[in-house]
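Biologist: I'm new to this one. Can you walk me through it?

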Amino acid sequence: MSSVMPPMCDVAVIGAGLAGALVARQLAQQNLNIVVLDADGVATGATGNSSELALLGTPEFHAVLEEQRGPAFATEIWELSARNLELLAATAQSLGLAAPAVGSFRLIGTSAEAILVQRSVQRLSHQGFNVLLEDAMELGYLIGLQTYDDLAFDPVEMTQRLLMHGHITLRPRTEVQRLESDSNGVVLKAKRNSLRAKAVVVATGAFTTRLCPRLAPHLTMLPVQNVECRTQQTLPMPLLLDNGQILLQDRGEFWRLSAWTNQTGEDPWTQIEKYGKQFCPQAIMTRRYTSWVGRSSDGLPLVGQLTGTPHVYTLIGLGPWGLSWAFIATQQLLGLMLHDEDPGLFNVQRFNTT
């Protein structure tokens, strides 16, 4: 990996988080010369502040997805998330990193939710997913949806290792201010540098709309509140609450509570306080911080090529569950770039971006 930016390259990747590193590494393995640029540094944004957990499924119940988009859509989404875990495990193994299966437990507190989760488990079990309904009375809830395939890993270390390749040039603290496309490629304009690339992949998360303003109606900057605290209690596995918008993890030396919301005006901090008092009332808070993620308006990644913008591709909008989409979204993008394959449900052109 070099740090000296050449005047030209095959592909420029904007964003040195996990998604950018994944696409850069796989393109570099095709003997392409790749330049990765980031306004800050490697994995300093959403990747560095992530839960370090890739989950099976989606925040919504499978039954809810069926009602909203149909059974074929719901099944395909869960299959994509399962494939994401397979790709994660293979990537971790190739890099010599651990990615143990830790599972997760989604707590259900109302009768209406219990009906939805029972229907979801029935369908998912029939389709071969490793999920079960379990009693959750000891935790103060009716039941819980137990999954077993969720993986824990270190996304920062993985990002760093992915970028260690002879065909990758890394340029941290280089903010790309605009893109100028023509028939031959794209010129990336930074404050003190410019770079010509045959193609560009924008993987900048929440701040993509500065470079691709036409995506502004479909991409939201979403705050995720995080609290770390010390407690003598232990959790056997991560807990998910409020339709996946609350994540409670035992990280060994500390617990982490993370919360996000889609509702304008709602403060995730109130939810963290509520569940902190419920699950670890004697805990001592050691750190509180806010991270930002880019979430698409339908919650799925935005993968593909914008209409009327030749040679510019996107790999964004992964949202608060970004680690649960990063690997499969990268595979879909590479299928488009290298083999002209349709990215399917993730295709950015599902929205009108003209």
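**The second largest pocket**

Modeller: The second largest pocket holds about 370 Å³ of space. Its lining has 24 residues, and the closest to its centre are Pro 59, Glu 60, Arg 295, Asp 298 and Gly 299.

Biologist: What counts as a pocket?

Modeller: On a 1 Å grid over the protein atoms alone, a pocket is an open set of points where a 1.4 Å probe fits, with protein on both sides within 12 Å along at least five of seven lines; lining residues have an atom within 4 Å of a point. The volume is the space filled by probe spheres set on the points.

Biologist: And where do the numbers come from?

Modeller: This is a predicted model: local features need pLDDT of at least 70, side-chain atom pairs need 80 or more, and totals for chains, interfaces and linings use all residues. Residues are numbered from 1 along each chain, and side-chain values use heavy atoms, without hydrogens and water.

Biologist: Which helix gives the most to the lining of the second largest pocket?

Modeller: α2, with 3 residues. Helices are DSSP runs of H or I, at least four residues; strands are runs of E, at least two.

Biologist: New topic. How does β12 pair with β16?

Modeller: Antiparallel, over 12 bridges. DSSP must find at least two bridges for strands to pair. Pro 223 stands opposite Trp 292 in β16.

Biologist: How many bridges join β12 and β15?

Modeller: 5, also in the antiparallel sense. There, Val 227 stands opposite Leu 257.
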